[in-house]
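Take the points in order and find each residue as you go.

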Amino acid sequence: MKNTKQRCAIMQILKQSSDPVSAEDIFAALKAEYPSLALSTVYRNLERFAGDGLIKKDVWRDGIVRYSIAQEHHGHYLICTECSAKIRIEDCPLTGIEQGLARDTGYEIEGHTLTIYGKCPKCVRREKARDAQDR
């Protein structure tokens with residue numbers, strides 16, 4: 001794959017991001033520096049990077065595809081269904097399950113994803129206050 005300035009810039013955004021990002025996020029971050037950049041170019045490069053195993057591609061519950069550097073991706077998230085706030089779960093709760101599955105089934109486990117959805121404390125408080133007002 002030819003190493004263009006735009007491809008380098010896309011990878012730089014991914015490397016600098018602590019959380020997975022969407023193609024639209026990357027496009028918005030690069031548009032000022034690369035005014036001729038098209039969103040389709042960002043998507044095409046992300047798909048190529050994912051196909052080459054350089055990045056990881058995940059579809060979140062909101063339907064948005066997000067990308068992250070493959071080696072650094074092993075992260076799990078708790079996401080609020082109201083405000084979309086997210087917290088990264090640092091320790092992998094699936095390690096033991098994964099090892100047991102590999103032992104019991106003979107599979108060579110290559111990876112997994114885990115995203116947990118719920119309401120954050122702020123949204124729960126807001127919902128309770130709204131319910132109290134409705135009474």
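This is a predicted model: local features need pLDDT of at least 70, side-chain atom pairs count only at pLDDT 80 or more; totals for chains, interfaces and linings use all residues.

1. Helix H2 covers residues 23-30 and helix H3 covers residues 39-51; their axes come within 9 Å and cross at roughly 125°. Angles from 65 to 115 degrees would count as roughly perpendicular and those over 145 as roughly antiparallel, so H2 ends up oblique to H3. As for handedness, H2 passes H3 in a right-handed crossing.

2. Who does the touching there? On the H2 side, look for Ala-23, Glu-24, Ile-26 and Phe-27; on the H3 side, look for Leu-39, Val-42, Tyr-43 and Leu-46. Sorted by class, this contact of H2 with H3 has 7 nonpolar residues, 1 charged residue and no polar ones.

3. Next, bring in H1. H1 and H2 pack at an angle of about 115°, and their axes are 10 Å apart. The crossing of H1 past H2 is right-handed.

4. Which residues of H1 meet H2? They are Ala-9, Ile-10, Ile-13 and Leu-14, and they meet Ile-26, Ala-29 and Leu-30 in H2. By class, the contact of H1 with H2 has 7 nonpolar residues, with no polar and no charged ones.

5. H1 also packs on H3. The axes of H1 and H3 come within 11 Å and cross at roughly 70°, which makes H1 roughly perpendicular to H3. H1 brings Gln-6, Arg-7, Ile-10, Met-11 and Leu-14 to this contact, while H3 brings Thr-41, Val-42, Asn-45, Leu-46, Arg-48 and Phe-49. The classes here are 6 nonpolar, 3 polar and 2 charged.

6. Ile-10 deserves a click of its own. You'll find Ile-10 in helix H1, which spans residues 5-16. Is Ile-10 buried or exposed? Its relative accessibility is 0%, so Ile-10 counts as buried. Setting aside neighbours within four places in sequence, Ile-10 is in contact with Ile-26, Leu-30, Val-42, Asn-45, Leu-46 and Phe-49. Take Leu-30 from that list: it sits 20 residues from Ile-10 along the chain, yet their C-alpha atoms are separated by 7.9 Å.

7. For a contrast, go to Asp-25, which is found in helix H2. Asp-25 has a relative accessibility of 42%, so it counts as partly exposed. Between Asp-25 and Ile-13 there are 9.3 Å in space, C-alpha to C-alpha, and the two are 12 residues apart in sequence.

8. Leave the helices and look for aromatic rings. How many aromatic pairs are there? The count comes to 1. The partners are Trp-60 and Tyr-77, with 5.2 Å from centre to centre and 45° between the planes, and this pair is tilted. Trp-60 lies in the loop between strand S2 (55-59) and strand S3 (65-69), Tyr-77 lies in strand S4 (residues 76-80), and the pair links distant parts of the chain, 17 residues apart. Both Trp-60 and Tyr-77 are buried.

9. Leaving out neighbours within four places in sequence, Lys-86 is in contact with Asp-19, Trp-60, Tyr-77, Leu-78 and Ile-79. With a relative accessible area of 35%, Lys-86 is partly exposed. Thr-115 is 29 residues from Lys-86 along the chain, and the C-alpha atoms of the two are separated by 9.9 Å.

How values were computed
Residues are numbered from 1 along each chain as its sequence is written. Side-chain values use heavy atoms; hydrogens and water are left out. Axes are lines fitted to C-alpha atoms, for helices over the stretch in contact, and angles run from 0 to 180 degrees between N-to-C directions. Helices (H or I, at least four residues) and strands (E, at least two) are DSSP runs, numbered from the N terminus. Angles under 35 degrees count as roughly parallel, over 145 as roughly antiparallel, 65 to 115 as roughly perpendicular and the rest as oblique. A crossing is left-handed if the near helix is turned anticlockwise from the far one by less than a right angle, and right-handed if clockwise. Contact means heavy atoms within 4.5 Å. Ala, Val, Leu, Ile, Met, Phe, Trp, Tyr, Cys and Pro count as nonpolar, Asp, Glu, Lys and Arg as charged, and the others, Gly among them, as polar. Rings of Phe, Tyr and Trp (its six-membered ring) pair if their centres lie within 6.5 Å; planes under 30 degrees apart count as stacked, over 60 as edge-to-face and the rest as tilted. Buried means under 20% relative accessible area, exposed over 50%, partly exposed in between (1.4 Å probe, protein chains only).
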